[in-house]
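Here's a quick tour of a two-chain story, told piece by piece. Have a look at the model first, then read on.

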Amino acid sequence: MIANQITASSADALLKSSRQTQAAREAKAARQGTLVERFGILLPCVVVAAFGVILVPNFLSASNIANILVNASLMAIIGFGMTLVIALRGFDLSVGSTMALTACVTAMMVGTAGLWLGMAAGIVVGAAVGLFNGLIIAYIKVPAFVATLGTMAIIRGVALLITGGGSILIGDPSFGAIALSRVFGIPSPVIIALVLLAVLYLVLERTPFGRHVCAVGGRPEAAIDSGIDVKQVTLKSFVIVGVCVGVAGVITASQLGFVDGTLGMGLELQIIAITVLGGTSLSGGSGNVVGTFIAAVLLATISSGLNLLNIPAFYQYLSVGFLLLFALSLDSLRVRSQRRALLWA
Amino acid sequence: MIENSHPALQAKAITRIYPGVTALNGVDMTLYPGHVTALVGENGAGKSTLIRIIGGLESPNSGSLSIGGEQVSFSSAHDSQTAGISVVSQEFRLVPQLSVAENIFLGHEITVGGIINRRQSRKRARDLFEELGLDLDPDRRVGSLTVGDQQLVEITRALSREFTVLIMDEPSAALNGAELDRLLDLVRRLRDRGKAILYVSHRLDEVFAVSDAVTVFRDGERVAHLDTAHTSEPELVELMLGRVLEERMPQTGITNTHFDAMPLLEADDLACVHVSDPINLAIRPGEILGLAGLVGSGRSEVMRTLFGVLPARGGRVRVEGKEIRLDSPAKAIGAGMFMLSEDRKSDGILPHLSVLENLLISEKRREGTGRQSWVPVPKYEEGTYARLRGELRIRAESGLQLIGNLSGGNQQKVLFGRAVLSGCRVLLLNEPTRGVDVGAKVEIYQLIEKLAASGVAVLVSSSEAPELVTLARRCLVLYAGRITAELEGNEVTEANIVAACVAQSAKAVA
């Protein structure tokens, strides 16, 4: 009896002290983790910006910066949706094709059905593709990677079919004016991206749905046990990424003035690169939309720098590839450094 | 007395059949408000299946479920929760990436206009912790909590919902003494508030401490329903096993150990993570060395360092006199070691493979002759399985059955078989009987002794003092990363081990 009492009280004390050391360890691990996270994304940013300023004339000119921001916004808008599905431990390879399809549909509809209906059609088509992906993934239980690999090809085919392989010229000049318009001197695509950033940040961090996305991505069994409808959450997430792609497609169409079915080839890699580089782990359970936006700016800066330096576009493939590898290495490094800090602290 | 009140939950003639296994065969279960019913039974008796059915995670093949007199049928956990059932599940169903508060309110978040109210969530979580007498930070990430704390979060989560029926599936498995007392106290308070509680546990002392009635399951059937006041531990054990438990005499002889033989495993000044003292130990052929200590004492770190899972910060390890570089389990196995992990589910079994495949996965093929040293030969493999099944007393329908469908005890026996086939001379065991029922426990002890008798050096790390007393003639005790006692022969008693595990800590804290 007495022995038991000793056990209870001293075990309690021991537990408390071990809890404290554990808490200290965790704090240190978290510090190191966020250090790698922030440092990782800032390092190439700073290097590229420095090179840009030194080597490229007019790099910091207002028009170039606006150009970079608009390009970054287009990627970021899709990236926000990608962040959501990656937090869900999903994946979407079909974003490039879907952007082409939505841009083409918008271009065709703007000419025939009018400005607003045309833009709405683009976004609806994006949502429909997302719904299709979501249904296959949530209900037929095809892994997201494979399912979207399939739709990537299908949607590309559809985009090429409806355009007949040629390009569509948008006649309506008021449509083209949308992408070029400015609000308080800020290009409207950037405004749209920032609004979407705010909305999706709120959705992901502060709504039950966002927490459910992280729960499903972090530990699906826990989500099921908590009464979360995993299928619904998956479906909604893919519809959201579809809508994001739709918005980006409409803006792209407006920006370019003419579109074709080959638009956005290889875009999915860039989007995944900025999402992971932005600090969203491929292992799911958390998403960082702000990071995605910063990484999009970084990638756009690199492209712009290479363009202004007259470096052939082929090198941009290299830069995206290396950035993707860099981002993925950073991701696993982050996990490892956290684990190590937990061990040795 | 109970018969007067209306049942809060009534399950009638529930049957659930899995491919090849009848998990539940027409069982009844009735829970009354203000009443704690304990459910006991060996692993594989069907307890977990019943809980999953009540929790809405599975549907019965036949039978009916009614809540407060109304018949219900659940198609998801959400349905069950809406009906007023809250489940503390045995496995941790928490999301490591989310915070403590987010996990507690997962699925029923506190929102204002669709946005989560963090301040209110934090406050509600703190209130719940206060009520339970817990000291946890609602903002900590769950993944960073200790197993015990995670269990407490799991319990808090179940209590955060509105419920009339509370199902607790082994809520005490990862708790220490003080936490357990608080848990039992909490169960009594909830009972007094009129909640109907189903308490599932392996530990019979808890059953007697907290329950009003006990239901016993065996092989998917309800074999008894008794008033707790009118039964006894031996009676329950007999009902659970369907036979009288063979008494286990502690070993008396030390005849197995070859004292003059060269130690099979030696560690010199091994510096392990989270362990401040360098570890020195030597185990001779046939010897079983015990390693005792509370959770967090560095016990599992020592074991995992010896097996090359964790990096050593210094020191040497010799197996059969030869020094080995410990940087991976593969090297440790190559040198003749084998370890059974404490987390059988995630680090032990390969759940999607059959019993046979699980058994043979670490086998040394090089020692076979002819074809079987290159490719699997079914005839030979089945022969091996048949031989080991008899020796290890594995109860499986066939070698092709998935290991995930076996009970904990049988899974552990298969893993022992894996160790035997790896041809190891040094066996490291972590909590060898965790989650194993009473009957299989005895068989596993006999197995360990048989292995030792055949000349294997065994290191047993366990949080159960009686287990170490039964098995080991020599026992090291760790406290907070230090070896605080080395007990030998007659000194290896439960009292001495427990004292060494905590007496030191009392001093250190004071």
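## Ground rules

Two residues count as in contact if their C-beta atoms, placed from the backbone, lie within 7 Å. Helices (H or I, at least four residues) and strands (E, at least two) are DSSP runs, numbered from the N terminus.

This is a predicted model, where local features need pLDDT of at least 70 and side-chain atom pairs count only at pLDDT 80 or more, while totals for chains, interfaces and linings use all residues. Residues are numbered from 1 along each chain as its sequence is written, with chains lettered from A and ligands numbered from 1 in the order in which they are written.

## Chain A: a helix pair

Chain A has 13 helices and four strands. Of its 345 residues, 48% are buried (20 or more other C-beta atoms within 10 Å of a residue's own; 12 or fewer is exposed, in between is partly exposed, with C-beta atoms placed from the backbone). Take the contacts in chain A between residues at least 6 apart in sequence: 80% of them join residues at least 24 apart.

Now zoom in on helix H6 (residues 173-180) and helix H10 (residues 230-256) of chain A, which pack at an angle of about 110° with their axes 7 Å apart. Because of that angle, H6(A) is roughly perpendicular to H10(A). Axes here are lines fitted to C-alpha atoms, for helices over the stretch in contact, and angles run from 0 to 180 degrees between N-to-C directions; under 35 degrees is roughly parallel, over 145 roughly antiparallel, 65 to 115 roughly perpendicular and the rest oblique. On the H6(A) side, Phe175(A), Gly176(A), Ile178(A) and Ala179(A) meet Ile251(A), Ser254(A) and Gln255(A) of H10(A).

Strands E11 (residues 213-218) and E12 (residues 221-227) of chain B pair antiparallel over six bridges; pairing takes at least two DSSP bridges between two strands. Val214(B) sits opposite Leu226(B) in E12(B). Two residues separate the strands of this hairpin, and Asp219(B) takes a positive phi near 50°.

## Chain B: the open sheet

Four strands of chain B make an open sheet in the order E14-E13-E16-E17, with antiparallel pairing. Strand E14 (279-283) and strand E17 (322-324) are the edges, each pairing on one side only. From one strand to the next, the twist averages 20°.

Inside that order, E13 (residues 265-271) and E16 (residues 314-319) of chain B pair over five bridges, and Leu265(B) has Val319(B) in E16(B) as its bridge partner.
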